[in-house]
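Open the model in your viewer and show it as a cartoon.

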Amino acid sequence: MHENPHGLPRPVRQANVPRLLEALGRPERELRGMLVVGTNGKGSTCAFAVSAVTAAGARVGSMPSPHLQEPRERIRIDGVPVTRAEYTAAFAEVWHAIERHGLPVLSQGVFTATAAVHFRRAGVGLAVAEASIGGSRAAAAELGLDVKVLTGVGLDHTRLLGGSLAEITRAKIEAVRDGDHVVLGRLAPEAASSAQQVLRTRTGLSVWRMDHEIRYAARAVGRGPATLVDVTTPRAVHRDLPCPLPGAHQHHNLAVAIAAVDALAERGHIRDPDAERLRPRLAATRWPGRLELVPHARLDDWTGRVLLEGATNPQGVRTVAPEILDRARTGGRPGPPVLVFAAMDDKDVAGMLAPLPADWPLVLTRTGSHQAATPAALHGRLSPGRRGPCLTAEDAPSALRRAAGLAGPGGLIVVFGSLRLVGEARTALALPPG
């Protein structure tokens with residue numbers, strides 16, 4: 001059994017989450033809302049859902065995971081991160097309970113409890129929670145939210161969740177409890193079959209599936225990147241919804257989010273979103289670090305473009321690769337973009353790099369995470385067919401500087417492979433947490 005640094009088996013520390021919540025006086029007792037699980041797209045789906053819920057006139061707390069730059073990003077009210085003082089106050093209450101009752105808890109449990117405490121302090125009773133890894137084993141599953149959302153399933157975190165789509169789907173969909181309302185994004189046949197096997201063991205469910213009960217259609221508007229999406233659910237037809245986040249995959253995430261918000265309305269947790277308020281709220285949705293373009297980035301005396309992308313597995317990179325290639329074509333620079341890459345030590349490095357041209361220059365680095373692979377380890381996992389220059393750097397700031405030297409003035413740097421790397425790059429570029 002895997003041991004953690006405190007010497008207790010991981011399942012024991014997971015089991016301590018409900019004990020911690022009990023010691024805190026059950027701050028989650030009055031919460032209702034949705035738990036979002038899946039391999040990719042969770043954060044964007046949650047961001048869209050928060051925008052839509054505010055269009056229904058409700059205050060909503062959200063719990064993105066992980067944070068990019070500061071832990072307070074994990075606790076938001078109406079999409080805005082709490083202040084450092086608010087985060088510190090809620091965290092102190094949780095930490096005192098941990099020490100008073102002797103309850104070692106994994107970091108995800110601490111973050112979840114801290115969010116629940118702050119929501120109680122702020123008088124917020126509606127939550128949009130993102131599961132970190134897995135489903136039933138995620139600390140956020142302890143909040144008892146009765147709308148469960150599965151965005152999609154891919155091969156990631158296989159050491160923890162299993163080596164097949166069926167096993168990973170099972171690990172995520174196990175979060176569903178009797179009586180829940182379930183929203184399923186588009187799933188491969190193997191994943192869909194596994195999900196149905198688990199759901200048949202539950203009673204009293206309402207289940208809405210993409211391409212069955214849920215449908216959407218997207219269309220470009222004008223010559224720019226603007227896109228409008230029509231979403232149909234069993235409850236409503238939503239027309240002309242703006243999708244401000246780049247990439248065709250975001251149309252699917254938007255549709256999943258709207259279906260989940262309709263499920264909240266179906267349950268009586270919120271009013272139906274007002275159509276005239278819904279469109280501007282969705283149009284204002286932002287999600288840092290996901291195909292986030294910094295058009296006038298500065299590093300010392302270098303000025304150019306930096307594209308920040310949080311894809312952390314081959315499926316995610318394949319999904320965003322068309323957008324990255326489009327940015328490369330429209331930059332007006334003759335040279336290729338320069339990739340800055342870091343990853344956790346259990347990632348498929350060759351698979352993550354494969355969707356992008358093998359002759360693009362590459363700078364390998366590592367983040368401050370103890371689970372990060374070293375640049376030397378990453379180099380050893382590169383495909384033999386990789387042809388472009390490959391450099392290494394000890395950390396994100398130095399990697400960006402090496403990449404700037406390769407890209408030249410006005411060039412494009414693409415940062416990807418790890419959300420931790422994206423956060424460290426945002427800090428190096430002096431971008432505020434958000």
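Select strand 3 (residues 76-77) and strand 4: the two pair in the antiparallel sense over 2 bridges. Strands here are DSSP runs of E, at least two residues long, helices are runs of H or I of at least four, and both are numbered from the N terminus. Two strands count as paired if DSSP finds at least two bridges between them. Ile77 stands opposite Val80 in strand 4.

This is a predicted model, in which local features need pLDDT of at least 70, side-chain atom pairs count only at pLDDT 80 or more, and totals for chains, interfaces and linings use all residues. Residues are numbered from 1 along each chain as its sequence is written, and side-chain values use heavy atoms, with hydrogens and water left out.

Now widen the selection to the open sheet of 8 strands, whose order is 4-3-2-5-1-6-7-8 with mixed pairing.

Contact means heavy atoms within 4.5 Å.

Then select helix 8 (residues 249-266), which lies across strand 1, strand 6 (147-150), strand 7 (181-184) and strand 8. Helix 8 runs at about 170 degrees to strand 7.

Finally, show helix 2 (residues 42-54) with helix 9 (residues 275-283): their axes come within 8 Å and cross at roughly 145 degrees. Phe48, Ser51, Ala52 and Thr54 of helix 2 meet Arg277, Leu278, Arg281 and Leu282 of helix 9.

Key: Axes are lines fitted to C-alpha atoms, for helices over the stretch in contact, and angles run from 0 to 180 degrees between N-to-C directions.
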